[in-house]
Amino acid sequence: APSIPVLVAARFVQGLSGAAGMVIGRAIVADLASGKAAARAFSLMMMVGGVAPVMAPLLGSVLNGVIGWRGILWVVCGLATVMLLAVLAIVRESHPAQRRAEARAVAAVQGSGLRDLRGRVYLAYALAFGLSFAVLMAYISASPFVYQNMIGMSTVQYGIAFGVNAAGITAMGAVSARLVHRWGPRRLLGAGQALLLASTVVLGLLVAGDAPVAWLPIAIFAAVSSLGLIMGNGTALALAAVPRAAGSASAVLGAVQFGLAALVSPLVSLGGTETAVPLAIVMLVSAGLSVVAFRIAGRVS
């Protein structure tokens with residue numbers, strides 16, 4: 001990139017095209033599985049999707065010191081190439097022409113499946129999912145000054161803490177994939193929501209009570225780990241509510257997810273870099289609204 005405008009434009013196009021992996025990947029799962037099988041598949045998928053935004057800043061900071069920011073972009077280019085080759089070699093069309101024709105015939109009689117996206121069940125689950133993800137993004141945005149400025153962690157210790165939280169999401173995702181056939185996606189989602197709300201309440205009490213800052217990572221770990229129970233099951237329940245428009249539903253889910261994440265990320269720094277009060281408030285409000293959306297979905301379904 002010879003200039004900043006060219007770099008920004010290229011990154012914008014990269015973001016637009018990169019959304020295809022998340023949107024179409026979820027739609028493929030919805031095409032190939034349903035019910036508890038879909039919830040298990042989404043839990044495994046979200047183990048990667050949940051860990052990626054946690055580990056990416058850490059890996060980027062390590063690579064930046066070795067190969068610089070231009071080198072990081074070449075790494076991204078290499079990853080994109082590997083993904084493209086993998087898709088071309090392995091991924092097959094999960095929604096064949098015959099099924100598409102049948103869907104168009106049904107839509108001509110019953111109306112487009114896109115209308116289902118306005119349903120209260122889908123919207124409630126989408127909000128529950130997106131608001132839970134906002135908790136994760138609030139943590140990611142505030143973690144440098146909470147862990148390093150307030151707690152006093154070194155760069156290495158900060159990296160270890162990041163890795164521990166990522167491991168928590170992975171472990172909970174594995175638990176969800178194992179238990180979903182016995183408990184069902186809604187019960188697991190409810191358990192994840194309960195853990196998320198309880199841990200953010202504890203975080204708020206620790207901050208309000210001026211507790212030792214070394215206790216904060218414990219509550220944050222519990223909140224972040226709960227997403228391993230929430231993300232996969234929330235996705236499965238949201239897409240199951242609109243079976244005729246899985247692709248569009250997946251796209252809206254992603255827009256809600258990252259739209260809310262973009263909204264909360266700057267809020268956690270409103271109080272400066274020496275207090276965790278904004279972080280605690282944002283995480284608690286997001287978790288509380290997510291639980292409300294989850295409860296609404298249960299009542300209207």
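Let's start with T235, which touches R26, F42, M46, F129 and L253, leaving aside residues up to four places away in sequence. Keep in mind that this is a predicted model. T235 sits in helix α7, and it counts as buried because its relative accessibility is 0%, under the 20% cut-off.

Helix α7 spans residues 216-240, and L239 is found there too. Is L239 buried or exposed? At 4% relative accessibility, L239 counts as buried. Its contacts, again skipping residues up to four places away in sequence, are R26, A30, F42, A246, A249 and S250. So R26 and F42 turn up in the contact list of T235 and in that of L239, by the rule that contact means heavy atoms within 4.5 Å. L239 and A38 make another pair to look at: 201 residues separate them in sequence, while their C-alpha atoms are 9.6 Å apart in space.

**Aromatic rings**

Now for the rings. A pair of aromatic rings is described by the distance of the centres and the angle of the planes.

Which helices hold Y147 and Y158? Y147 lies in helix α4 (residues 120-150) and Y158 in helix α5 (residues 155-183), so their pair ties together parts that are eleven residues apart in sequence.

**A loop serine**

Next comes S265, in the loop between α8 (246-264) and α9 (277-300). What does S265 touch, not counting residues up to four places away in sequence? The answer is M137 and S141. With S141 there is also a polar contact, side chain to side chain, at 3.2 Å.

L63, V66, I67, V75, L79 and M83 make a nonpolar surface patch of about 540 Å². One of these residues, V75, has its place in helix α2, which covers residues 35-90. V75 counts as partly exposed, because its relative accessibility is 33%, and that label is for values between the buried limit of 20% and the exposed limit of 50%.

Technical notes:
Residues are numbered from 1 along each chain as its sequence is written. This is a predicted model: local features need pLDDT of at least 70, side-chain atom pairs count only at pLDDT 80 or more; totals for chains, interfaces and linings use all residues. Side-chain values use heavy atoms; hydrogens and water are left out. Patches are made of residues with over 30% relative accessible area and no salt bridge: like charges are joined within 9 Å, nonpolar side chains (Val, Leu, Ile, Met, Phe, Trp, Tyr) within 5 Å. Accessible areas come from the Shrake-Rupley method with a 1.4 Å probe; for residues, only the protein chains shown count as cover. A salt bridge is a side-chain nitrogen of Lys or Arg within 4 Å of a carboxyl oxygen of Asp or Glu. Helices (H or I, at least four residues) and strands (E, at least two) are DSSP runs, numbered from the N terminus. Buried means under 20% relative accessible area, exposed over 50%, partly exposed in between (1.4 Å probe, protein chains only). A polar contact is a pair of N or O atoms within 3.5 Å; within protein, one must be able to donate a hydrogen and the other to accept it, and residues adjacent in sequence count only if both atoms are side-chain atoms.
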